[in-house]
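The following account is meant for a reader meeting this structure for the first time. Please keep the sequence and the model in view while reading.

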Amino acid sequence: MNHADVVIVGSGHGGAQAAIALRQKGFAGSIAVLTRDKELPYERPPLSKDYLAGEKPFEKIQLRPEKFWADKDITLLSGRTVTLIDAAAKQVECGDDYTIGYGSLIWAAGGNARRLPCPGADFRNVHTIRGRADTDRLRADIEGGARRAVIVGGGYIGLEAAAVMRKRNMEVTVLEAQDRVLARVAGPDLSDFYAAEHRAHGVDLRLNAQLEAILGEGDRATAVKLADGEEIPADIVVFGVGIVPSIGPLIAAGASGSNGVDVDDFCRTSLEDVYAIGDCAAHANNFAGGAVVRLESVQNANDMANVAAAAICGDAKPYHAVPWFWSNQYDLRLQTVGLSLGYDATVLRGDPAERSFTVVYLREGRVLALDCVNRTKDYAQGRKLVEAGLVAAPEDLADIERPLKELL
């Protein structure tokens, strides 16, 4: 195939959903999905959870079976990495000299796992968790006898991986450069709770920890060295320090953007007939007070995919979706709805000591977001509060006996 009416770059949640949504909306033209992955489209969240733990086989995390893509006449062009976009000629070039023309292009390439620029970062047993191949290599090291892990980064990925490794009775050290875990996505109440939980499960959690180098012998890491000179032995090292958006070809082609590629309310970039969705798309978000943000979530990828597909089908509707996220660690189910950016107050609903509670984030009395730990009802009902931008009295929000839906 050398031309498709719609070419989609990336086969993660956003790219796969874009192809599916086009067919659901009656798009009859040709669709091609270019992806550097060699597998059928699959879920990403399990990579740091039950797939890493070996509790869920790969077949169970595939988004659709192989027959689905053939039945929907969606062509999967796997093992290809886009290197250049010719926006004038409306062509995409890949590193293997493959070129394909497009009528519309949907960029859903996500990002690459970030590695800190320190000596030793390229040792064979230094890992990231972004794709199936990453997790397979990490699992191979663990199953090959690795007993001591050092995880760099106390965000979702790092803490989820730490929980999996502790279940396997590995020695786990987590290094977080800031003064609390989850600092980028949550307030101190939640950070303190998860720090205590991981320590209670035997994780050596270091805050304000600065990595200086990864030490090793031959091609393998044997320890990490901190800025204060301490060396921590390691059989494996895992970086969980975020992603670098994959936008190089778009920016080189003239698209606007810096930390992500800029898109409008309909997921359109500044290039004609070129859309961008998911982790790499920077957009003005109503639930962030109109601030331009990138959201790294399945929800955002899927909802943006639907917006782009609708626009291509001539039924353009602006992106307006409530953000939500989740994380599984040990027996804790964290569900987040809304964005806590810019909050000026919090309300604690429930008792963290009982391992079931909710943190409500407010700005000028208005509900911005909720972090719900083992409280699914709060999460489900709190969504309505976030959508409404409800102004609520703190004492009402804190009353654990009162369902949140009663506040509407």
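This is a predicted model: local features need pLDDT of at least 70, side-chain atom pairs count only at pLDDT 80 or more; totals for chains, interfaces and linings use all residues.

Residues are numbered from 1 along each chain as its sequence is written, and side-chain values use heavy atoms, with hydrogens and water left out.

The secondary structure of the protein comprises 9 helices and 26 strands; these are DSSP runs numbered from the N terminus, helices being H or I of at least four residues and strands E of at least two. Along its principal axes, the C-alpha trace spans about 60 × 55 × 35 Å. The radius of gyration is 22 Å, which agrees with the value near 22 Å for a compact globule of 408 residues; it is taken over C-alpha atoms, and the globule rule is 2.2 Å times the number of residues to the power 0.38. Of the 408 residues, 52% are buried, where buried means under 20% relative accessible area, exposed over 50%, and partly exposed in between (1.4 Å probe, protein chains only).

The interior contains nonpolar cores, each a set of buried Ala, Val, Leu, Ile, Met, Phe, Trp, Tyr and Cys residues joined through side-chain atoms within 4.5 Å. The largest has 54 residues, and I8, L34, I100, I106 and I277 touch the most other members. Helix α7 (residues 298–312) gives this core its largest share, 7 residues. Apart from it lies another core of 42 residues, including A149, V181, L190 and Y194.

Strand β10 (residues 171–175) holds V174. This residue counts as buried because its relative accessibility is 1%. Beyond its neighbours within four places in sequence, V174 is in contact (heavy atoms within 4.5 Å) with residues including I151, L159, A162, V203 and L205. The C-alpha atoms of V174 and A162 are 7.5 Å apart, although 12 residues separate the two along the chain.

Most residues other than glycine have a negative phi. L182, in the loop between β10 and α5 (188–200), has a positive phi near 55°. C267, in the loop between β18 (260–262) and β19 (274–276), likewise has a positive phi, of about 65°. L182 counts as buried because its relative accessibility is 3%, and C267 is buried with a relative accessible area of 0%.
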